[in-house]
Amino acid sequence: MTFMCEIQPLMDGPWSEEKSIRIEELLRIAAETGFSGVDMIAGTIEAMGPDRVRKILNDKNLKLNSIICIGELADPSGRDEEVQAPYIRAIDAAVFFDCPHLMLVPGSSNGSADTSAIVQALERRFRNITQAAADKGISCMIEDDPDLFAGICAQADVRHMLEAVPGLKLVYDSANMIVAGEDPVQYYEGLHEYVIHTHIKDMAVCEDPSAYRNPGSDGRYYANVPHGKGLVDFDALFGSFRKYGYDGVLSLEYVPDESLSVRDDIERVYKMTASLVCKYNVGINEVGLIPVLQTQPYEDVWRKLKELGTDSVE
């Protein structure tokens with residue numbers, strides 16, 4: 001069994017050398033913990049420079065398993081060529097790194113709440129990008145999105161999109177569908193034939209208006225929480241992975257536990273996942289870690305790293 005670490009940086013504000021150092025430090029912790037690969041956001045690769053990123057990965061013996069591209073595909077008012085441009089560049093990056101998968105994140109709808117128009121735009125653009133990627137040997141994936149307006153959150157809507165775009169695959173997120181009132185295990189079982197990558201994440205009702213959270217179909221708000229502290233039944237989910245023979249990539253979406261150090265927290269998540277994989281004898285190719293793309297949790301992580309220093313993070 002091999003382990004993979006997926007890295008999402010704090011994207012607020014302009015890029016800086018400090019952010020590059022932060023990413024490299026987190027990669028070091030992940031590699032020392034036992035992870036063997038990394039997924040990175042396309043914008044991070046562009047900001048740091050592909051050559052620098054490749055050197056860092058090689059030095060730490062980490063492989064690039066997937067590139068995550070976030071743009072404005074969900075903006076129905078945008079011109080296709082313009083909004084697709086970052087994703088086309090990401091295809092070239094995937095080729096450069098010999099990276100097999102590209103995850104297409106719809107991104108901003110530019111204020112539009114017209115779900116029908118958003119879905120039509122996404123279908124057309126996903127089709128264009130997926131074909132362009134396939135021509136270069138790259139597989140494209142979408143994730144069940146926690147934004148109800150995006151039109152790819154509920155199981156039926158995701159299936160519609162996957163059937164409408166030939167070759168498009170699914171990154172199954174174990175919690176995002178909760179905002180649509182759907183059960184994570186039943187969701188996986190209903191779409192398992194499309195799943196080649198999984199984001200393991202936990203989620204709970206959030207009553208804090210200052211937190212990064214998503215509105216649910218039941219009128220409540222939901223936010224990501226540390227693994228084991230939310231609504232996801234991981235034992236039932238891993239049992240389902242075993243039942244349906246899941247053998248794709250498994251990635252953990254890391255949400256910091258404030259009671260632990262960064263290293264201890266990452267090790268806890270690593271051991272928890274390894275235990276579940278072994279308990280249910282799941283034939284996983286890769287197991288990874290995804291720090292959550294939220295301002296406050298990331299600031300907490302980086303604050304801890306800065307307090308501890310870059311030479312020793314224990």
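**Loops, strands and core of a predicted chain**

D98 lies in the loop between helix 4 (80-97) and strand 4 (101-105), where helices (H or I, at least four residues) and strands (E, at least two) are DSSP runs numbered from the N terminus. The structure is a predicted model, in which local features need pLDDT of at least 70, side-chain atom pairs count only at pLDDT 80 or more, and totals for chains, interfaces and linings use all residues. Residues are numbered from 1 along each chain as its sequence is written, and side-chain values use heavy atoms, with hydrogens and water left out.

The phi angle of D98 is near 55°, a positive value in a residue other than glycine. Most residues other than glycine have a negative phi. D98 is also exposed, with a relative accessible area of 69%; here buried means under 20% relative accessible area, exposed over 50%, and partly exposed in between (1.4 Å probe, protein chains only). A second residue of this kind is N61, with phi near 55°, again positive in a residue other than glycine. N61 is found in the loop between helix 3 (50-59) and strand 3 (63-70), and a relative accessible area of 65% makes N61 exposed.

Turning to the chain as a whole, the secondary structure comes to 10 helices and 12 strands. Of the 314 residues, 54% count as buried. The chain exposes about 13,100 Å², and carbon and sulfur atoms supply 48% of that area; accessible areas come from the Shrake-Rupley method with a 1.4 Å probe, and for residues only the protein chains shown count as cover.

A nonpolar core is a set of buried Ala, Val, Leu, Ile, Met, Phe, Trp, Tyr and Cys residues joined through side-chain atoms within 4.5 Å. The largest such core has 81 residues, and I67 and F241 are those with the most contacts inside it. Helix 4 supplies the largest share of this core, 7 residues. A second, separate core of 6 residues includes I41, I68, M141 and V171. Leaving aside neighbours within four places in sequence, the contacts of I67 include M40, A42, I45, A90, A93 and A94, along with C99, H101, L102 and M103.

Strand 2 (residues 37-41) is largely enclosed by the rest of the structure, because 5 of its 5 residues are buried. G37, D39 and I41 point one way from strand 2, V38 and M40 point the other way, and all are buried.

A separate topic is the open sheet of 3 strands with the order 8-10-9 and antiparallel pairing. Strand 8 (202-205) and strand 9 (214-215) are its edge strands, each pairing on one side only. Strand 9 pairs with strand 10 (residues 221-225) in the antiparallel sense over 2 bridges, and Y222 in strand 10 is the bridge partner of N214. The loop between strand 10 and helix 8 (234-243) holds G228, which is exposed at a relative accessible area of 59%. Although G228 and D202 are 26 residues apart along the chain, their C-alpha atoms are separated by 6.8 Å. Beyond neighbours within four places in sequence, G228 is in contact with D202 and F234.

With a disulfide taken as a pair of cysteine sulfur atoms within 2.5 Å, the count comes to 0. For C69, the closest cysteine sulfur is that of C140 at 9.6 Å, too far for a bond. C69 is buried, with a relative accessible area of 2%, whereas C278 is exposed at 54%.

As to confidence, pLDDT is the predictor's confidence in each residue, from 0 to 100. The chain averages a pLDDT of 85, and 86% of the residues score at least 70. Among the elements, helix 7 (residues 184-191) has the highest mean pLDDT (98) and helix 10 (residues 295-308) the lowest (40). Over residues 291-314 the pLDDT is below 50, and beyond near neighbours in sequence this stretch has 60 contacts in the model. Where pLDDT is low, the predicted coordinates should not be read in detail.

Methods. Contact = heavy atoms within 4.5 Å. Pairing = 2+ DSSP bridges.
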